[in-house]
Amino acid sequence: MVVVGGDEGFMVSVKKKEMVAAMLPMQEHWLPLSNLDLLLPPLDVSLFLCYKKPITISTTTTTMVGILKKALAQALVSYYAFGGEVVENSVGEPELLCNNNGVEFIEAFADVKLQNLDFYNPDESVEGKLVPKKKLGVLAVQVTELKCGGLVVGCTFDHRISDAHSANMFLVSWAEIAQSKPISTLPSFRRSILNPRYPVGEYDRSLDEMYIPISTLPPPEEPSPSDHLLSRIYYIKANDLIDLQSLASSNECKRTKLESFSALLWKIVAKSATKDTIASNKVSNMGVVVDGRTRLGHDGVHKATKMETYFGNVLSIPYGSIRVNDLISKPLNWVADEIHGFLETLVTKDHFLDLIDWVEAHRPEPAMCKIYNSRNDDGPAFVVSSGQRFPVEKMDFGWGEPIFGSYHFPWGGRCGYVMPMPGPRRNGDWIVYMHLSKGQLELIETEASNVFKPLTPEYLNVVSTSS
């Protein structure tokens, strides 16, 4: 047995590792990455799903693992991209070799009960323990049996191949297959949907401020101890979100919950910079991850369906820049209006078409979103990625819905990352994964403890379980 974690209260031992390939023979072929895929650096994204011990006595851990493994092999027939490998082509760009090399499947045991997992601090309870480190291929899966008979299914995938929308499609299909149901959504790998316009015309020059060729980046800086980012998970009650939305709306302009939430967070993150006199006079950047599927698919039912089932990245990260002092001094509704303003002008069909053309104009030079590469001499920066479509309730593999699920994305830059998701109670509550600096998290818990509440076993209703 190999111990993969254990510094903070519990040990995880690996019982078995194997490669799970598609159950049917697959013709090896190359799948090019789209221009929007090419904007992603080699980042791995993780997620995990937590299940109570099944009530049915006959449903043992061995049975559950067998179901997961068999259904995965079936799911990889349709989602063959997850069974391939990313390699460089002749001009140095990444491409996907669909060779059915398979998915690394890890079986593990954790010496901890579900009710004792510290979800509030995923750096200690999840990172390196309940989600796998992907060492090869595109996807790795770890199924961890808990001391109480519960189960955690952790996945780590290459962001260059899949965004959250695509990963969600795969998870739902995997669960449907496990229950012997037909797949409700077949993925489309039709890259021509995101082809650039020819000839590549004049794209909006604002994209030169949002994205940057990697060759023009200065050398990476050593982060200071205060810049070290930590991960935390909170929950927000539905009524608190409604109150926040009311505060962020004015003049008969109702702001969305996401705009209102982002405005509050931006004000607090900006305030954390006032400890540094120089930083308080700087500009803070806040980005919002936007899915372009609905924007690019509004030209007809057929196009909309193709975009909805498209597997890959269809993302942009427009961001706004505001002086730290203005973020602190202006009211919440002013900040929400600013967020609405920069989103409204950029999250359009033309924006995504221009972005595809912008990448084409710079190929084969790799590029990335500028906000990710925040520098030590910049003001505080973070990105909000809406995970409201994370369909936790559909991830039932035959022994009940997860009591909790979350993405886990400590992405490695100096820029923070925040992802709100629907709460497991389905009552309008949010679960919020945050990857921010220690000082920013401390200020959030001081200034807005009435809104951001640390995720606890009590909230997830697993304290009294004997399972």
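**Entry 1: the two domains**

How many Å separate the centres of domain 1 and domain 2, taken over C-alpha atoms? I began with this question, bearing in mind that the model is predicted. The domain assignment of the chain gives residues 3-193 as domain 1 and residues 217-460 as domain 2. I found their centres to be 24 Å apart, taken over C-alpha atoms.

I next looked at the contact between them. On one side, 66 residues of domain 1 take part, and they are in contact with 59 residues of domain 2. The size of an interface is often given as the accessible area lost when the parts come together. For domain 1 and domain 2 I noted a buried area of about 5400 Å², with carbon and sulfur atoms giving 64% of this area. Which three residues supply more than any other three of the area that domain 1 buries against domain 2? They are N35, L36 and Y120, which supply 14% of that area.

**Entry 2: what crosses the interface**

I then looked up the polar side of this interface. Across the boundary of domain 1 and domain 2, I recorded 30 residue pairs in polar contact, both residues being at pLDDT 80 or more. The side of domain 1 that touches domain 2 draws at least two residues from each of β4, α1, α2 (122-125), β9 (151-158) and α3. Helix α3 gives the largest share of that side, with 11 residues. Sorted by class, the side of domain 1 that touches domain 2 holds 42 nonpolar, 14 polar and 10 charged residues.

Is N168 buried or exposed? Its relative accessibility is 9%, so N168 counts as buried, the limit being under 20%. Not counting residues up to four places away in sequence, N168 touches R389, F390, P391, M395 and Y407.

**Entry 3: salt bridges**

Side chains of opposite charge can pair when their charged atoms come close. I noted a count of 24 salt bridges for the model. Two salt bridges are found across the interface of domain 1 and domain 2.

R191 is in the loop between α3 (164-178) and α4 (207-210), while D37 is in the loop between β3 (29-32) and β4 (44-51), so the pair ties together parts that are 154 residues apart in sequence. I found both R191 and D37 to be buried.

E107 and K69 form another salt bridge, at 3.0 Å from N to O. E107 belongs to strand β7 (residues 103-110) and K69 to helix α1 (residues 61-78), so this pair ties together parts that are 38 residues apart in sequence. E107 is buried at 14% relative accessibility, and K69 is buried with a relative accessible area of 18%.

A further salt bridge joins E447 and K271, again with 3.0 Å from N to O. E447 is in helix α12 (residues 438-447) and K271 in helix α6 (residues 257-271), so the pair ties together parts that are 176 residues apart in sequence. E447 is partly exposed at 41% relative accessibility, and K271 is partly exposed with a relative accessible area of 33%.

Within it I looked up R293 and D163, whose closest N and O atoms are 2.8 Å apart in their salt bridge.

Most residues other than glycine have a negative phi, and most peptide bonds are trans. With this in mind I looked for exceptions. S180, which is not a glycine, has a positive phi of about 60 degrees. S180 is placed in the loop between α3 and α4 and is exposed, with a relative accessible area of 70%. R426 also has a positive phi, near 55 degrees. R426 is placed in the loop between β18 (416-422) and β19 (430-437), and at 55% relative accessibility R426 counts as exposed.

Where is P364 found? P364 is in the loop between α11 (349-362) and β15 (367-369). The peptide bond from R363 to P364 is cis, with omega near 5 degrees.

Lastly I looked up P457, in helix α13 (residues 457-460). P457 is buried, with a relative accessible area of 18%. Leaving aside neighbours within four places in sequence, I found P457 in contact with Q115, L117, V462 and V463.

Conventions
Residues numbered from 1 in each chain as written. Heavy atoms only, no water. Salt bridge = Lys/Arg side-chain N within 4 Å of Asp/Glu carboxyl O. Helix = DSSP H or I, 4+ residues; strand = E, 2+ residues; numbered from the N terminus. Buried < 20%, exposed > 50% of the residue type's maximum accessible area, 1.4 Å probe, protein only. Domains from an automatic or database assignment. Contact = heavy atoms within 4.5 Å. Buried area = accessible area lost by both parts, 1.4 Å probe. Polar contact = N/O pair within 3.5 Å; in protein donor to acceptor, adjacent residues only side chain to side chain. Nonpolar A, V, L, I, M, F, W, Y, C, P; charged D, E, K, R; others polar.
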